[in-house]
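Dear colleague,

Please find the structure below for your records. My notes on it follow directly after.

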Amino acid sequence: MRTVGIIAEYNPFHTGHEYHLQKAKELSGADYAVVVMSPDYVQRGAPAIFDKYTRAEMALRCGADLILELPLSYATGSAEYFAEGAVRLLDALGVIDSLCGGVEMAGESGTSATVDVGMFQALARILLMEPEPYRLALQEGLRRGLTFPRARAEALNQYTGACAKDARHSLRLPGEVGLHLSEVSDLLSSPNNILAIEYCKALEKIRSRITPMALLRRGSSYSDLSLDGEFCSAGAIRDCLEKGNVSLPDSYIPEDIQTFFLDACACPVFSDDLLPILMQKLICCDNPETVFDLPPELAKRICRLRYQCIGKSFHEIAAFLKTKQMTEARVRRALLHLILNIQKEAVEAFCRNGYVYYARILGFRREAAPLLHEIKRKTSLPLITKTANAQKQLSETGRQMWSLDLAASHLYSAIRAERYGVSFQSEQKISPVNL
C-alpha cells in the first residue's frame with residue numbers, strides 16, 4: 001500500500017485541484033491520497049468561502065480518499081506554522097510515503113508535470129541551518145524596514161550569491177543541486193513555492209521518512225483573478241462569487257461536483273461577514289499584544305487607530321493598518337486571530353508540548369477502509385470520528401486545541417445561520433462525510 005499526502009485549502013475546489021489529486025497519485029504510484037485540509041478559516045487570514053464539510057465532500061468526489069482537518073492555529077498561521085503543523089500531522093499517521101505540493105516556475109511551459117524538488121530542499125536547508133552570513137543579511141534587511149518576506153528573500157539572494165562556486169553564479173551545497181541566482185528569485189516569488197520550501201524544511205526538521213514531490217502548476221498563477229486559461233485560480237472563483245456572479249464556466253468546476261458546487265454557492269462566507277465581531281474586538285480589546293502573531297507595533301497601532309476603522313470593509317481595515325514593515329496578509333491573519341481569540345501563549349504551548357494531538361477525520365471514501373485500518377494500527381494520535389467522544393481521547397493540551405477548533409467552527413456556522421437562515425450546525429452532531 002502506497003499513500004501520498006496533500007496539504008490544501010480547497011477554497012474553493014476547482015479543476016486545478018482535481019488535476020493535482022490525479023497527478024499526485026499517478027506520479028507517486030499511490031493507492032490512496034490523504035489530504036490535510038484547512039478548517040473553516042484559511043491561511044490568507046479569512047473565512048473559507050464554503051464550510052469544511054462541503055469542501056471535504058468536493059475533494060472526496062474528485063479523487064481524495066481521506067480528508068483530515070488541520071488545526072485552526074496552524075491553518076491561520078504564517079507559512080512556517082501552516083506547513084509544519086500539516087507536515088507533522090501527516091508524518092504522525094505513519095502511513096504517508098510522499099508529499100506532493102504544487103509549485104510555479106517562471107518560463108516553464110507545463111509540458112513536464114514534475115519539477116526538481118532539490119531546488120526547494122536546498123533553500124529549505126539554508127533556512128533551517130541559518131548560516132551566519134544569511135542571518136546577518138536578514139537582520140540588516142529588517143533593520144532597513146523591509147517586511148520579513150522581502151528581507152528573507154534578499155538575504156537568501158545575498159547568501160546564494162556569496163556562495164557562488166562558478167562563473168554561472170550557482171550555489172552548490174553538499175549533496176544538493178546547483179541553484180542560480182535567477183532561480184532563487186523565481187522560487188521566492190510565489191506563495192505556493194514558499195509553502196513548498198516550508199514543507200521541505202518541516203520534513204527535514206523532524207527527520208521525516210516522507211519524500212517530497214513538486215508538481216508544476218498549470219493554468220493561471222496563484223494571484224491571477226482572471227477566468228482564463230486551462231485552469232483558473234481559486235482566488236478568481238472567490239472574486240466572482242464575492243461579486244455575486246455564480247455563472248462560472250463549467251470548465252473550471254469538475255463535472256462530478258458542478259451541481260453540488262452550485263448549491264454551495266447559495267451561502268458563501270466572506271471576510272466582511274466577520275466585521276461585527278471585529279468591530280467589537282477592536283473597540284473593547286485593550287490588550288491585543290497577547291494575541292497570536294500580533295506583534296507589539298501592530299497592537300499599538302490598532303489601539304491608536306481602531307476608531308478610524310469603523311465603517312471600513314475588512315480589506316480596507318487590513319490595508320489601513322498595514323505598514324512598510326508589515327504585509328497586509330500578516331495584518332489580516334492578526335485580525336483573524338483577534339476575532340477567534342487565538343492567544344500567543346496557547347499556540348506556544350501547542351508547539352512546545354507536541355505540535356499535533358489528534359487526527360480529526362472530516363470525510364473518507366468507503367473504499368479507503370484498508371487505509372483507515374493501517375492508520376489506526378500505526379499512528380500514536382487519537383483518530384477522531386465522533387466529536388462527542390473527543391474530550392475523552394485527548395491530553396490536556398489536546399483538549400485546549402480541540403476547544404479552540406470547535407469554537408471557531410461554531411462561530412462560522414452561526415454566521416451562515418444568521419446571514420442565510422440555514423440551520424446552525426453543531427460540531428457535536430456532525431458526522432464525517434462518508435462516500
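Glu-130, which follows helix α5, has a positive phi, near 45 degrees. The model is predicted, so to speak of local features a pLDDT of at least 70 is needed, side-chain atom pairs count only at pLDDT 80 or more, and totals for chains, interfaces and linings use all residues. Residues are numbered from 1 along each chain as its sequence is written, and side-chain values use heavy atoms, with hydrogens and water left out.

Helix α5 covers residues 118-129; helices (H or I, at least four residues) and strands (E, at least two) are DSSP runs, numbered from the N terminus. Its 12 residues reach 16 Å from the first C-alpha to the last, close to the 16 Å expected at 1.5 Å a residue (the expected span is 1.5 Å times one less than the number of residues). Among the buried residues of α5 are Met-119, Phe-120 and Leu-123, where buried means under 20% relative accessible area, with a 1.4 Å probe and protein chains only.

Strand β5 (residues 66-69) is covered on both faces, with Leu-66 and Leu-68 buried on one side and Ile-67 and Glu-69 on the other. Strand β5 pairs with β2 (residues 32-37) in the parallel sense over four bridges; two strands pair if DSSP finds at least two bridges between them.

Definitions and conventions
Buried < 20%, exposed > 50% of the residue type's maximum accessible area, 1.4 Å probe, protein only.
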